[in-house]
Amino acid sequence: MKKYISFLIGVLACALAIAQDSQERWYSADNKNFEYMGRIDFSNPGLPRFWNPGVVVRIHFVGKECRIVVHDEVPNEKAHNYVLLQVGDNLGVYRVKLSGHSDTLTVRGSGRAWINGVALRSQVKASNMDNGPNTYGDHLVTLCKATEGIGWMEFEGVYTNILLPAPMLPDRKIECIGNSITCGFGNDVYGIPCGKGEWFDQSNAWMSYGAVTARALKAQWHLTAVSGIGLIHSCCNMTITMPQVFDRMDVLGNQGDWDFSNYQPDVVTVCLGQNDGIQDSVTFCGAYLRFVGHLRQVYPAARIVLLTSPMGNAELTAVLERFITGVVSASRDARVSSFFFSKQWGHGCAGHPDIGDDLEIARELTGYLRGLMGW
């Protein structure tokens with residue numbers, strides 16, 4: 001019945017748009033018809049800002065096209081964020097590198113898209129894409145921050161004919177805590193092969209194992225992840241660890257306080273240890289136990305699942321399995337459990353999972369969480 005009503009609303013809105021000669025209008029980011037997901041700073045409601053990978057804005061419009069205005073921090077000349085644009089149900093899928101401090105992303109209902117007037121190439125091929133400039137319809141566009149916290153992004157709003165309420169997000173909620181694997185680092189070589197461009201040019205948080213798992217389980221997701229970060233030891237000259245920055249709005253930048261009442265996940269997965277390497281058991285397990293305790297403090301009702309590293313070698317995996325088993329036991333919390341991946345994946349850049357690997361990782365994790373949560 002709800003789907004039928006939604007369909008009627010779309011048809012009526014489409015007819016109204018045509019009848020009114022479909023004058024394009026501006027809809028600012030504080031319009032209630034947008035749907036947001038992720039750690040987002042709404043202190044300026046008309047210009048929400050976000051840092052983490054996988055943050056989502058959903059846009060439901062009627063008209064020939066929708067022009068989306070976004071801003072990019074660009075902390076240095078090379079650090080441009082990527083976004084993932086999906087039109088409808090994979091009618092058009094684009095991973096787009098932003099090109100300036102402000103960009104306009106144009107999406108047509110046929111599935112075609114442009115950035116600042118330059119045509120984009122879809123990562124999927126749809127037979128019914130066309131160039132028709134005057135095709136009206138009822139369309140859903142998903143905008144996802146594909147890169148991690150290399151700089152903030154801001155969503156300013158859209159130009160289109162009619163903005164409809166975007167479909168409500170699922171009630172189920174997941175949070176995935178981790179490092180580069182959870183970010184989706186190095187998983188997408190469509191357009192730029194490994195070893196070329198900037199270090200983040202192959203990142204696609206939309207296709208990371210956590211986001212894929214959440215979609216399979218019909219759940220919202222938050223990806224609280226930073227490449228190189230560890231539990232007690234981070235790589236690559238990084239001076240922060242996850243327990244130090246987990247409470248932040250901008251996790252990598254270690255700034256801004258996140259209000260945990262904004263998002264209470266049903267289940268939290270923790271995938272740390274790859275960057276720590278093999279550590280002293282007492283030190284590592286003690287820190288892990290304290291972090292689990294903090295998670296329980298901010299998420300009193302959540303299931304907490306400790307994961308091994310999907311790219312860990314046999315030696316590290318064996319150690320992590322032993323450490324995690326000990327932490328789960330020492331927590332004395334019936335809602336804390338563990339899940340060990342079946343193997344090592346590394347077909348992406350720098351030994352990371354690629355999209356195919358992420359799909360396999362997600363399949364294993366989805367099966368476990370479905371049983372654990374009864375989903």
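Two disulfides are counted in this predicted model. With bonded cysteines numbered along the chain, their pattern is 1-4, 2-3. The values for the two links are set out below.

| Disulfide | S to S distance | Torsion about the S-S bond |
|---|---|---|
| Cys194 and Cys349 | 2.1 Å | -85 degrees |
| Cys235 and Cys236 | 2.3 Å | about -65 degrees |

The link of Cys194 and Cys349 is left-handed. It ties together distant parts of the chain, 155 residues apart: Cys194 belongs to the loop between helix 2 (180–183) and helix 3, and Cys349 to the loop between strand 21 and helix 7 (355–373). Cys194 counts as partly exposed because its relative accessibility is 38%, whereas Cys349, at 5%, counts as buried. The disulfide of Cys235 and Cys236 is left-handed as well, given the torsion of about -65 degrees. Cys236 has a relative accessibility of 63% and therefore counts as exposed.

Some cysteines are in no disulfide. One of them is Cys144, for which the nearest cysteine sulfur belongs to Cys183 and is 12 Å away. Cys144 is buried, at 0% relative accessibility. Cys176 is also in no disulfide; the nearest cysteine sulfur is that of Cys271, at 9.1 Å. With a relative accessible area of 1%, Cys176 is buried.

Five strands make up an open sheet in the order 16-15-19-20-21, and their pairing is parallel. Its edges are strand 16 (219–225) and strand 21 (336–339), each of which pairs on one side only. Strand 20 (residues 303–307) and strand 21 run parallel and are joined by four bridges. Leu306 has Ser338 of strand 21 as its bridge partner. Helix 5 (residues 281–298) packs on the sheet, where it touches strand 15 (172–178), strand 19 (267–271), strand 20 and strand 21. The direction of helix 5 makes about 155 degrees with that of strand 20.

Lys218 lies in the loop between helix 3 (209–216) and strand 16; its relative accessible area of 61% makes it exposed. Arg332 is in the loop between helix 6 (314–331) and strand 21, and is exposed with a relative accessible area of 80%.

The aromatic residues give 17 pairs. In one of these, the ring centres of Phe246 and Tyr299 are 6.5 Å apart and the planes stand at 85 degrees, so the pair is edge-to-face. The two residues come from distant parts of the chain, 53 residues apart: Phe246 from the loop between helix 4 (242–245) and strand 17 (248–250), Tyr299 from the loop between helix 5 and strand 20. Both Phe246 and Tyr299 are buried. Elsewhere, one aromatic cluster is formed by Phe34, Tyr36, Phe42 and Phe155.

Rings also take part in contacts with charged groups. The charged end of Arg67 sits over the ring of Tyr159, at 4.5 Å from the ring centre. The charged end of Arg215 sits over the ring of Trp206, and here the distance to the centre is 4.0 Å.

How values were computed:
Residues are numbered from 1 along each chain as its sequence is written. This is a predicted model: local features need pLDDT of at least 70, side-chain atom pairs count only at pLDDT 80 or more; totals for chains, interfaces and linings use all residues. Side-chain values use heavy atoms; hydrogens and water are left out. Two strands pair if DSSP finds at least two bridges between them. Contact means heavy atoms within 4.5 Å. Axes are lines fitted to C-alpha atoms, for helices over the stretch in contact, and angles run from 0 to 180 degrees between N-to-C directions. Rings of Phe, Tyr and Trp (its six-membered ring) pair if their centres lie within 6.5 Å; planes under 30 degrees apart count as stacked, over 60 as edge-to-face and the rest as tilted. Buried means under 20% relative accessible area, exposed over 50%, partly exposed in between (1.4 Å probe, protein chains only). A charge sits over a ring if NZ of Lys or CZ of Arg is within 6 Å of the ring centre and within 35 degrees of the ring normal. A disulfide is a pair of cysteine sulfur atoms within 2.5 Å.
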